[in-house]
Amino acid sequence: MTRIFSGIKPTGHLTLGNYLGALRRWVEVDQHEADALFSVVDLHALTIDHDPARVRRLSRQAATMMLAAGLDPELCTLFVQSHVDEHTRLSYLLECTATDGELRRMIQYKEKSAPARAAGQSVRVSLLTYPALMAADILAYGTDEVPVGEDQTQHVELARDLAVRFNQRYGHTFTVPKATHPSVAARVMDLQDPTSKMGKSHESGAGIIYLLDDADVVRKKVMRAVTDSGTDVAYDRENSPGIANLLEILASCSGGNPMEPAGVYESYGALKKDTADAVVELLRPIRERYAELAADAGHVDEVVKKGAERARGMARPRVNAAYEAIGLLPG
Ligand code: TYM
């Protein structure tokens, strides 16, 4: 059976990008068809300035949201990364496999470290080593496929390279994973700045739809989405990124093709209205289920505790094998 691993980092409230780019497929396809593990990758949230209480709160919130969206602990393994020591144990071996040049080339490292440096702030070493930990998340489980949004492709490619290199140097230890993406909405863009990704922690939330936004807020954000000065509703990512983004969101919500509704609409307003309606309907059941689950934190804690036990059992033999293969004396 195909082994799948993927994760969400608790650095902000989950967004429509997280849902359409990743979580939705985990729920609708992956947990049914594969042996799937999904993790709240909390250690990754410590790579930038963080508030301890907020990370703790967001971690529980992310796990709750993953359940509310439909992950079923009977069908998949849901756990919190820091509960399974094997991730950090393996990460060190992969830091000893990766080169600093390789890590410095990562787009995410460049994007996050450059502004911090420009503002005279220091950059945590863990921001640089982040992809080694992410590779450990993936490789510890013998993962075949990593269902992610487009922004994570480079990191998964590095995990592949590290798996191949480790296997060549020390003997076959790791499965070589590959990234998979949804056919539509693999990169949902910010509604106020459709040339940049809709991310959890963009400064103003005006261009971001959070999964917990209520119907009125969603409608306002979509209706105020930046478009361009034309009037034609055509799918053209290059010249009309705002409209293309709305068409992708609409198609993804309604299971269609972004090219199809283009041409059907005579005005941007009509497209926005239908997109807002589709998003509201998509999120309604998730918000309702979230409210029920959030009232019972004990249940969520229990789910992730059991998930961590299962995950540990799956990761330990391979990580121990890697320790031995690389030349460490078995304890
Ligand atoms: P994170 O927490 O930023 O995002 C979680 C998932 O959501 C996808 N995503 C998007 N997809 C489409 N459009 C968007 N605007 C959008 N924003 C986010 C991401 O691609 C991702 O699939 N480094 C990872 C977390 C991670 C991980 C892993 C993932 C750590 N270890 C191992 C897979 C396997 C991250 O920061 O995702």
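## Strands E2 and E3

Strand E2 (residues 35-40) and strand E3 run parallel and are joined by four bridges; strands pair if DSSP finds at least two bridges between them. Helices (H or I, at least four residues) and strands (E, at least two) are DSSP runs, numbered from the N terminus. Phenylalanine 38 stands opposite leucine 78 in E3. In strand E3 (residues 77-80), Thr77 and Phe79 point one way, Leu78 and Val80 point the other way, and all are buried. Buried means that 20 or more other C-beta atoms lie within 10 Å of the residue's own, with C-beta atoms placed from the backbone.

## Model and numbering

This is a predicted model, in which local features need pLDDT of at least 70 and side-chain atom pairs count only at pLDDT 80 or more, while totals for chains, interfaces and linings use all residues. Residues are numbered from 1 along each chain as its sequence is written.

## Domains

The protein chain is divided into domain 1 (3-181 + 297-325) and domain 2 (205-291), with bounds that come from an automatic or database domain assignment. The C-alpha centres of domain 1 and domain 2 lie 29 Å apart.

## Nonpolar core

The largest nonpolar core has 94 residues, of which Met66, Ala135 and Val279 touch the most other members. This core draws at least three residues from each of domain 1 and domain 2. Such a core is a set of buried Ala, Val, Leu, Ile, Met, Phe, Trp, Tyr and Cys residues joined through C-beta atoms within 7 Å. Beyond residues up to four places away in sequence, valine 279 touches Leu16, Ile209, Val218, Val222, Ile249 and Cys253.

## Ligand shell

The ligand is surrounded by 26 residues, and the closest are Gly17, Gly21, Ala22, Val148 and Gly149. A residue is near the molecule if its C-beta atom, placed from the backbone, lies within 6 Å of it. Strand E1 (3-8), helix H1 (16-33) and helix H6 (125-139) each supply at least two residues of this shell.

Notes
Buried ≥ 20, exposed ≤ 12 C-beta atoms within 10 Å, placed from the backbone. Contact = placed C-beta atoms within 7 Å.
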